[in-house]
Each structure stands twice: as C-alpha cells, then as structure tokens.
Amino acid sequence: CRHRRACELSRLRHSGRGDGDFHGGNWRYGVVDGASAPTQAAGGSGVSHHLVVRVVSKMLIPFIILFALYVQLHGDFGPGGGFQAGVIFASAFVLYALVFGLDAARKVLPDGVLRVCIALGVLIFGGTGVLGLFLGGNFLDYSVLSHVPAHGQHYGIFAIEFGVGLTVAAAMATIFFMFAGRGANLDEMEE
C-alpha cells in the first residue's frame, strides 16, 4: 500500500468482518514509525487516548455518586430508594471501567470488597427484620425500633433501603465485571 495510514484505516474499517488483524482486543492510536496507527492497548487500558473523555468522566463520576446518595437518602420521601440508588452508584464504576479500563476499576473496587458488600447488604436487610422480632414486633415491623412508632418506621426504612442499595450496587458492579472480563477469557480459550 502506498499510504501507510490509509492502509491502517482500511484494515481497521474491515476488522469487524473478521478479515483484518484488528479483530478482538483493546486498540488505541499510537505512533508507529512516525505515523499515527492503531496499536493494541496493554491490560485493557480503556480509552486512554481520549483525553476529553477521561477528564469529563473524572468530573462526572463524583456527581453520579452524589446523585446516588441523594436518591438513597430521599427514597422514603419520594421516588427512589435503595434499588435505584444502587444501580446509579454502580453505573459510576461502570463508567470508570469503560474509560480507565477494567484492571484499573478492579483495583478501585476489588472482588473481595464486592462480595463483602453483597453479603453485608443482605445482612443489614435481614438483621433489621430480625431486630423487630427481638424487640417484640413482627418481622420487618419497624415501629418497635424506637419509642415513637413514626421514628421507628423512619429508622427501619432507612436501614432496609441502605441494605438494598449496598447489595444492588455491589451486585451490579460484580455482574458488569464478570461480563466485561469474559471477553479476555474467551480470547485465551480460542488460542
């Protein structure tokens, strides 16, 4: 090919058809022999070549987490609650993994922490119900959690929603990590 860059772009364009050598893997543009060409990224580095995406994501992720906390804390007064907050919270880590790579996201949120959070959320949910039994009420009867029944209802709903949110956030992040990491395992199995 006379023009190296045109050939590289042509191969990249046809890579989805299975006839190019760019099929599979994480690719980014790098400098090869003085020309910009696609090169394979090491370790699933995400979109490291897109500076704007990285900067905007760094600015956006704290607001996603803050919105998840808002939905969590105001779930008993209006729309929202633990499930919605958990999904929104997990979406911040999904965005982080998509932009900075799966390996970097697993360093921020290791598998052990996710397992503990899933179990802890279920324990908080179940523990709140059992606490109502120990205090003389029914399972998930929140009115016995405080001397004022309305306050007990508020405490119980808050604890239940927190447990649900923690479990959902950790479970959604775990599901994403399992599906996102599956491609590398399939590539290894084919070789």
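**Reading features in a predicted helical model**

Me: Leu 66 lies in helix H2. What counts as a helix or a strand?

Reply: Helices (H or I, at least four residues) and strands (E, at least two) are DSSP runs, numbered from the N terminus. This is a predicted model, in which local features need pLDDT of at least 70 and side-chain atom pairs count only at pLDDT 80 or more, while totals for chains, interfaces and linings use all residues. Residues are numbered from 1 along each chain as its sequence is written, and side-chain values use heavy atoms, with hydrogens and water left out.

Me: How many helices and strands does the chain have, and in what order do the elements run?

Reply: The chain has 6 helices and 2 strands. From the N terminus, the order is α-β-β-α-α-α-α-α.

Me: Is Leu 66 buried or exposed?

Reply: Buried means under 20% relative accessible area, exposed over 50%, and partly exposed in between, with a 1.4 Å probe and protein chains only. Leu 66 has 52% relative accessibility, so Leu 66 counts as exposed. Of the 191 residues of the chain, 29% count as buried.

Me: Which residues form the nonpolar patch on the surface?

Reply: A patch is made of residues with over 30% relative accessible area and no salt bridge; like charges are joined within 9 Å, and nonpolar side chains (Val, Leu, Ile, Met, Phe, Trp, Tyr) within 5 Å. A salt bridge is a side-chain nitrogen of Lys or Arg within 4 Å of a carboxyl oxygen of Asp or Glu. Here the nonpolar patch consists of Phe 63, Leu 66, Leu 69, Leu 73, Phe 158 and Phe 162, which together have about 600 Å² of accessible area. Such areas come from the Shrake-Rupley method with a 1.4 Å probe; for residues, only the protein chains shown count as cover. Helices H2 (51–73) and H6 (149–190) each supply at least two of the patch residues, and H2 gives the most, with 4 residues.

Me: Thr 167 is also in helix H6. Which polar atoms does its side chain meet?

Reply: A polar contact is a pair of N or O atoms within 3.5 Å; within protein, one must be able to donate a hydrogen and the other to accept it, and residues adjacent in sequence count only if both atoms are side-chain atoms. The side chain of Thr 167 reaches the backbone oxygen of Gly 163 at 3.0 Å, and a polar atom of this side chain lies 3.1 Å from the backbone nitrogen of Val 122. Thr 167 counts as buried because its relative accessibility is 16%. For contact in general, the criterion is heavy atoms within 4.5 Å. Leaving aside neighbours within four places in sequence, Thr 167 is in contact with Cys 117, Ile 118, Gly 121 and Val 122.

Me: How is a pair of aromatic rings described?

Reply: The distance of the centres and the angle of the planes describe the pair. Rings of Phe, Tyr and Trp (its six-membered ring) pair if their centres lie within 6.5 Å; planes under 30 degrees apart count as stacked, over 60 as edge-to-face and the rest as tilted. The structure holds 4 aromatic pairs. In one, the ring centres of Tyr 96 and Phe 100 are 4.8 Å apart with planes at 35°, so the pair is tilted. Both residues lie in helix H3 (residues 82–100), 4 residues apart, about one turn of the helix.

Me: What does Val 108 touch?

Reply: Not counting residues up to four places away in sequence, Val 108 touches Phe 93 and Tyr 96. Val 108 sits in helix H4 (residues 102–108).
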